[in-house]
Amino acid sequence: REHSEGLVCLSGCLSGYMARAILADEREDAEKYIKLEKFIFDMDKMYKISVPIMNANLKGNNREKTLQQLRRFDAERVFISLDCYELDEKKRREALSTLSENCHYFKQYGYEVGAWIWSFWVKKNRDFQSMVSIKGTEIKEFMCPTDEMFVEFATDYIKEIAGCGVDLIMFDDDFRYGFLGDSPACLCERHIEMINDITGDCKSREELYGYITGGGKNKYRDA
């Protein structure tokens with residue numbers, strides 16, 4: 001606590017220790033973590049406690065149970081996770097309808113409500129360009145942001161999420177491409193073409209791999 005000034009405290013995503021405790025129904029452990037962080041970082045003055053919850057799990061009696069836990073933790077904001085984009089129109093309507101219901105439910109009790117979605121995740125993709133690792137491995141469920149059709153689809157989707165009444169929308173950190181494993185970025189054919197356009201060269205994937213993973217600063221990394 002003595003050295004906490006100026007630091008930002010993050011409890012992590014659904015894989016974080018606090019969320020795992022809640023999901024495992026280890027409420028006392030979760031409450032202990034929250035109280036400890038509130039003490040160390042003086043959160044009463046500086047921060048809001050935000051709790052992430054899966055949208056699909058907030059139905060019926062689960063809403064009331066969740067509300068009781070939020071009150072125990074002195075939470076002020078709830079992030080309702082939509083997981084991924086739904087291509088199936090029926091599932092999409094159901095997810096957005098549930099989000100709207102959940103949003104209005106928690107707002108009536110004074111909570112700030114955010115929506116949380118993975119930036120590029122589309123399950124059972126059949127319409128868009130998937131990301132490709134620098135080694136050439138297709139990451140089938142994560143879409144390449146150079147695909148204009150996906151950008152248009154995602155833009156409309158986000159507008160619909162905003163229309164559900166949420167106060168803010170958080171995009172998950174797959175912006176960092178950390179889920180690709182062997183790759184710091186997408187290197188699909190479109191990206192290769194873009195890099196070559198920027199650099200004025202005509203490098204293959206194998207050549208770009210060497211520049212991206214070895215040596216120091218270079219124009220290919222910049223591109």
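**Salt bridges and a pocket**

Start with D29 and K32, whose side chains form a salt bridge, with an N to O distance of 4.0 Å. The model is predicted. Why can these two reach each other? Both sit in helix α2, residues 27–41, three residues apart, so about one helical turn separates them. Neither end is hidden away by the accessibility figures. D29 has a relative accessible area of 31%, which makes it partly exposed. K32 is also partly exposed, at 49%. The cut-off for exposed is over 50%.

This pair is one entry in a longer list. The structure holds 13 salt bridges. The general idea is simple: side chains of opposite charge can pair when their charged atoms come close.

Now move to R77 and E112. Their side chains meet in a salt bridge at 3.1 Å, N to O. Here the partners come from distant parts of the chain, 35 residues apart. R77 belongs to strand β2, residues 77–85, and E112 to strand β3, residues 112–122. Is R77 buried or exposed? R77 is buried, with a relative accessibility of 17%. Buried means under 20%. E112 is partly exposed, at 22%.

Next comes helix α5, which spans residues 89–107. E89 and R93 are joined there by a salt bridge of 2.9 Å, N to O. They are four residues apart in the helix, so about one helical turn lies between them. E89 is partly exposed, with a relative accessible area of 43%. R93 is partly exposed as well, at 37%. Salt bridges with shared partners tie E89, R92, R93 and E160 into one network.

Last, look at the second largest pocket. How much space lies in it? The volume is about 480 Å³. The lining is made up of 21 residues, and those closest to the centre of the pocket are L82, C84, E86, K91 and A95. Strand β2 and helix α5 are the elements that give two or more residues to this lining. Both have come up already: β2 holds R77, and α5 holds E89 and R93. What kinds of residue line the pocket? Nine are nonpolar, nine are charged and three are polar.

Note on methods
Residues numbered from 1 in each chain as written. Predicted model: local features only at pLDDT ≥ 70, side-chain atom pairs only at ≥ 80, totals over all residues. Heavy atoms only, no water. Buried < 20%, exposed > 50% of the residue type's maximum accessible area, 1.4 Å probe, protein only. 1 Å grid on protein atoms, 1.4 Å probe; cavity = no way out; pocket = protein on both sides within 12 Å on 5 of 7 lines; lining within 4 Å. Points joined across faces, edges and corners; volume = space filled by probe spheres on them. Nonpolar A, V, L, I, M, F, W, Y, C, P; charged D, E, K, R; others polar.
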